[in-house]
Amino acid sequence: MRTEIKLAGFGGQGVILMGVLLAQAAGYHENKEVAQTQSYGPEARGGACRAEVVISDEPIDYTKTLNPDIFVAMSQPAFDKYIKDINIETADIFIDDTLVTEIPEGIKKLHRVSATKLAEEKVGNKMVANTIMLTALVNATKMVSLEALKNTIAGNLPAKIQAVNMKAVDVALEYCEQQGGKQ
Amino acid sequence: MGQEVNNEKVKILQGNEAIVEAAVAAGCRFFAGYPITPASEVAETMAQRLPQVGGVFMQMEDEIASICATIGASFGGLKACTASSGPGISLKQEGVGYASAVEAPIVVINVMRGGPATGMPTAVGQQDIMQAKYGSHGDYEIIALMPSSCQEAFDLTYKAFELSEHYRVPVYVLSDEIVGHTREKVRIPANLSPVERKKPAKENFQPYKAQANGLLDGMPGFNEGYRLLIDGQLHDEQGNRAAHLPDVCARLTERLCRKISDHADQLVDIESSYLEDAEIIVVSFGSPSRPSLRAVKDARAKGIKAGYLKLRIIWPFPETKLVELTAGARTLIVPELNIGRVVNEVKRAVGGQKEVVGLSKLGGLLHTPGEIQAEIERRAQACTR
């Protein structure tokens, strides 16, 4: 089975890091084959930025996404740019609804996650919006276990930002529980 | 971070990181370079890894200095490498020719981006394949390998060091932006034992006295008791300048070329599948190999007799083996991320005996499997008409 995930936003949001963490969680902790690719502009921050992850039980031939099963948009321009290539009937679509506010009708599986708002208001650091989104994604899709996600965060992030990211995981889980059913 | 399974370490690495791990495993202990997208992670990771194994990392002032330092380090006794992309590789060309002439074993990593000029720094290309063979002036030959995955970035970089030592020649790893920046599982064998440099005998030592097969026997180093004169001018077997001696210069130039071309059969590295009854074969190399394999599988699922080839060594071009492997096919399709370069090598190899179709893609994007499959289907229909 092959699962394709496309993540998009602007440079500085940690979009590529989300892809890396997801690939590592699936590769190291769930024993899957993984391929994580990216596309970005010459600017370090602010430019368009996209990460793709393919997770598979078998060796992966083509490493990029063809028909994403999951699409995550962390900004309106990213949403607008990529939504036309997404099958809105079948794909799980996650949006940071702090930043993505214009959404067309007809998306069957829309997951609204107020990632940036929660990061700012509940964690006090908007840098962890990506961790909040990633936790919501894992919680909803179960593509890797929460344990695998936490271990991957612990294994990757520098010590000084571990605590704030673990808090972001908890905030996201609490949010998902409150939202449960509302989506 | 990583896992230990069956005597191998499994790590999720970027292609650029896999290159560094392979270099270290192959015994590389010197790197000189200058950062450039999309090759910067090679230098960055070298700067972390080499000091851990007693090696030397040097951030140089420019690209020419980088390759010259690499040549110097090689004669200083270390397996050595440099890395760059696009404009940086252009600047290094003087050094590539120099290393060829003085027969310095060095590895040159080119993480190809879209060109020409400053080009497309963050996007993929395969526009430097001809440069790798012909970039420096004068007659010489090099070896070039092309990885299509992170695992191959490891395997082929490791192999590049072995080949450069054996043939005493610059060896290119022609990676690209996609391989360089993709993260995949890389399986690293636990007990690799890279070849140690063989030292020539000191008795009657002549630094450029070749064996019958055209290869130099071993690699001397500075400060090891050898009398060494290393100079870019063509030289006699003792290393003395010989630009005034036509026969000596002709002999050396010919040997520098033939020590590679005469061994082309030993320098074949091709992976293939679905060839047995294949009528249409996709001849791929580097990143386009991935969508090519997928396209061939999808075409097979539709009943088309498609086959797949991946050239892992591109120079010397494996023409004899290519002709042999594709003997039963009617059409060859060559997808490449340039205006259409290797397709001409394939045409030359098959000598008009079959249809050879280029599938060129520019603009910094990789072929999708669908694009390659569409070409396979077009050719399949043309055949049945």
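Let me start with a term: I call two residues in contact if their C-beta atoms, placed from the backbone, lie within 7 Å. Helices (H or I, at least four residues) and strands (E, at least two) are DSSP runs, numbered from the N terminus. Please keep in mind that this is a predicted model: local features need pLDDT of at least 70, side-chain atom pairs count only at pLDDT 80 or more, and totals for chains, interfaces and linings use all residues. As for naming, residues are numbered from 1 along each chain as its sequence is written, while chains are lettered from A and ligands numbered from 1 in the order in which they are written.

Let's begin with a helix pair in chain A. From α3(A), the residues A:Leu118, A:Ala119, A:Lys122 and A:Val123 meet A:Val164, A:Lys167, A:Ala168, A:Val171 and A:Tyr175 of α6(A). By class, this contact has seven nonpolar, no polar and two charged residues. For the classes, Ala, Val, Leu, Ile, Met, Phe, Trp, Tyr, Cys and Pro count as nonpolar, Asp, Glu, Lys and Arg as charged, and the others, Gly among them, as polar.

How do the two helices cross? The axes of α3 (residues 115–123) and α6 (residues 162–179) of chain A come within 10 Å and cross at roughly 115°. That makes α3(A) roughly perpendicular to α6(A). Here axes are lines fitted to C-alpha atoms, for helices over the stretch in contact, and angles run from 0 to 180 degrees between N-to-C directions. Angles under 35 degrees count as roughly parallel, over 145 as roughly antiparallel, 65 to 115 as roughly perpendicular and the rest as oblique. The crossing of α3(A) and α6(A) is right-handed; a crossing is left-handed if the near helix is turned anticlockwise from the far one by less than a right angle, and right-handed if clockwise.

A second pair in chain A is α1(A) with α4 (residues 129–141), packed at about 40° with their axes 9 Å apart. These two helices are therefore oblique to each other, and their crossing is right-handed. On the α1(A) side we have A:Val15, A:Leu17, A:Met18, A:Leu21 and A:Leu22, which meet A:Asn130, A:Met133 and A:Leu134 of α4(A).

Now to where the chains meet. How many residues of chain A are in contact with chain B? There are 19, and they touch 18 residues of chain B. The elements giving two or more residues to this side of chain A are α1 (15–29) and β2 (33–40), and β2(A) has the largest share, seven residues. By class, this side has eight nonpolar, eight polar and three charged residues.

That brings us to the strands. Two strands pair if DSSP finds at least two bridges between them, and β2(A) pairs with β10 (residues 183–189) of chain B in the antiparallel sense over two bridges. In that pairing, A:Gln36 stands opposite B:Arg183.

Zooming out, an open sheet of nine strands runs β6(A)-β5(A)-β4(A)-β1(A)-β3(A)-β2(A)-β10(B)-β2(B)-β1(B), with mixed pairing. Its edge strands, each pairing on one side only, are β6 (109–113) of chain A and β1 (3–5) of chain B. Neighbouring strands are turned by 25° against each other on average, direction ignored. At the chain B end, three bridges join β1(B) to β2 (residues 8–14), which run antiparallel, and B:Gln3 stands opposite B:Val10. Across this sheet lies α1(A), over β1 (2–10), β2 and β3 (48–56) of chain A and β1, β2 and β10 of chain B, running at about 10° to β3(A).

Chain B has its own open sheet, five strands in the order β11-β13-β12-β15-β16, with mixed pairing. Its edge strands are β11 (270–273) and β16 (355–360). Within it, β12 (residues 280–284) and β15 (residues 331–336) pair in the parallel sense over three bridges, with B:Leu332 as the bridge partner of B:Ile281.

One last stop: is α1 (residues 15–25) of chain B enclosed or open? Of its 11 residues, 10 are buried (20 or more other C-beta atoms within 10 Å of a residue's own, C-beta atoms being placed from the backbone), so α1(B) is largely enclosed by the rest of the structure. Just after α1(B), B:Gly27 takes a positive phi of about 100°. Thanks, and I'm happy to take questions.

Methods: Buried ≥ 20, exposed ≤ 12 C-beta atoms within 10 Å, placed from the backbone.
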